[in-house]
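Colleague: I would like to learn how to read a few features of this model with you. Could you show me the structure and start with one residue?

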Amino acid sequence: MTTTTSHIPEHVPEPGQPPDGAAAARPVRLIHTESTTEIPLHLLFRDDRGGDDASGPGPVRVRPAVVAHRPGAGRDKGERSRPGVTDRSRPAVAQVDPALVERPARVLPGAVGVVAGLVGTAGCAAAAWWAGVTPAFAVEGLGIPARAGAAGPGPAQWAAFAGAGTLGLFGFGGLARGSTGRAWVLGLFGRYRGTVRRTGLMWVNPLLLRRRVDVRLRHWRGEPMPAADRGGVALRVAVQVVWRVRDTARATLGVEDHERYLRECVESALLRVPVAAPGAGRGEVEATRDALTRLVAADTGPVGVEVFAVRPVRVEYVPEVAAAMHRRRIAALDAQHRASVLSSVVDSVEDTVTRLTMRGLVALDDHERKVLVKDLTVAFCAGRGETGP
């Protein structure tokens with residue numbers, strides 16, 4: 001709690017003087033707390049003399065105090081906010097250009113492209129007939145009379161032929177077929193122009209660069225990658241990732257290869273999250289899966305890749321420690337088996353001795369009881385050892 005002291009203009013009479021004396025009065029020091037009120041300083045150090053002491057300072061009017069919090073209040077001295085210093089407790093998150101967001105591109109129905117292509121083709125044929133360069137077999141086959149007096153193609157014929165040819169090329173060259181689960185990312189001279197998710201025949205500007213992106217739900221299972229369990233023992237883990245492309249613009253233009261980026265994010269997450277060891281319980285396996293899913297989804301979200309699950313499907317020790325961990329597991333299982341056998345033997349011996357004594361079949365003192373317990377324990381252990389696997 002931050003406290004400050006201040007002076008108030010109110011005067012308090014000195015001890016031994018009347019309240020309205022002419023002696024010089026001294027100011028009363030107050031302590032300002034940042035909670036609610038001002039606390040008179042002399043009240044903290046006055047003597048406990050009981051009752052109203054005329055020699056003590058007079059009453060002081062206490063008014064509320066408002067103290068502004070200083071920058072960095074509540075933090076450690078070394079963690080106070082300073083200009084130009086960022087909070088290191090927050091992990092760095094990959095950032096992509098905020099303007100790079102998927103938006104629909106402008107396309108036309110495929111019939112428009114077909115009609116434009118046919119019109120352009122017909123225009124080229126008409127320009128050739130106009131210039132008198134139509135092949136004789138075409139004229140005879142179509143039954144079109146040859147144009148008489150044509151002196152070859154001139155500027156007007158060339159212009160008509162160029163315009164009709166350009167129209168035909170644009171009409172047929174812009175035809176594209178969209179399929180379900182796939183999208184086109186369009187760009188022009190390095191700029192993003194939109195994404196096409198439509199299906200069927202459509203017309204797209206042939207000057208635009210097209211990149212096909214698979215937007216279906218996909219499963220990826222990689223090769224075993226290095227990892228470690230809670231004890232730091234080296235493991236090799238093969239995971240299955242369920243993912244899909246959510247933002248085609250960021251997945252295509254935000255990174256060089258979004259599939260490779262996803263694999264590297266999974267490998268990085270395996271190095272940061274302790275993986276449940278082989279043979280672990282279901283709870284540990286689910287905790288590992290949830291932690292891996294959160295980390296990978298946080299890393300791939302800014303680049304337009306949506307991750308639904310990261311499941312370890314095969315966990316094994318590396319060859320260098322596999323033999324040692326196998327021996328350790330066998331020893332632990334053997335110790336557990338011995339403990340269970342000993343518990344059952346002790347229970348059997350106790351039950352036998354209790355029945356013998358409760359029914360009055362034998363009367364045993366302490367020494368005889370100890371001998372009987374020892375003999376029964378040896379007999380039960382030997383019998384279990386002979387019938388055991």
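Modeller: Happy to! Cys 265 counts as buried, at 7% relative accessibility; buried means under 20% relative accessible area, exposed over 50% and partly exposed in between, using a 1.4 Å probe and protein chains only. This is a predicted model, in which local features need pLDDT of at least 70 and side-chain atom pairs count only at pLDDT 80 or more, while totals for chains, interfaces and linings use all residues. Residues are numbered from 1 along each chain as its sequence is written, and side-chain values use heavy atoms, with hydrogens and water left out.

Colleague: Where is Cys 265 found, and which residues is Cys 265 in contact with, leaving aside its neighbours within four places in sequence?

Modeller: Helices (H or I, at least four residues) and strands (E, at least two) are DSSP runs, numbered from the N terminus. Cys 265 is found in helix 6. Contact means heavy atoms within 4.5 Å. Beyond its neighbours within four places in sequence, Cys 265 is in contact with Val 296, Asp 299 and Thr 300. The C-alpha atoms of Cys 265 and Asp 299 are separated by 6.7 Å, although these residues are 34 apart along the chain.

Colleague: How do I read a nonpolar core?

Modeller: Think of a set of buried Ala, Val, Leu, Ile, Met, Phe, Trp, Tyr and Cys residues joined through side-chain atoms within 4.5 Å. Here the largest nonpolar core has 35 residues, and Val 239, Val 241, Trp 243, Val 266, Leu 270 and Val 307 have the most contacts inside it. Elements that give two or more residues to this core include helix 6 (258-272), helix 7 (282-300) and strand 13 (305-317). Strand 12 gives the most, with six residues.

Colleague: Which residues does Val 266 contact, apart from its neighbours within four places in sequence?

Modeller: Val 266 is in contact with Trp 220, Met 225, Val 239, Val 241 and Val 296. A second, separate core of ten residues includes Val 107, Ala 176, Trp 184 and Val 204.

Colleague: And how do I read two packed helices?

Modeller: They are described by the angle between their axes and the distance between the axes. Axes are lines fitted to C-alpha atoms, for helices over the stretch in contact, and angles run from 0 to 180 degrees between N-to-C directions. The axes of helix 2 (residues 110-131) and helix 4 (residues 155-173) come within 7 Å and cross at roughly 160 degrees. That makes helix 2 roughly antiparallel to helix 4, as angles under 35 degrees count as roughly parallel, over 145 as roughly antiparallel, 65 to 115 as roughly perpendicular and the rest as oblique.
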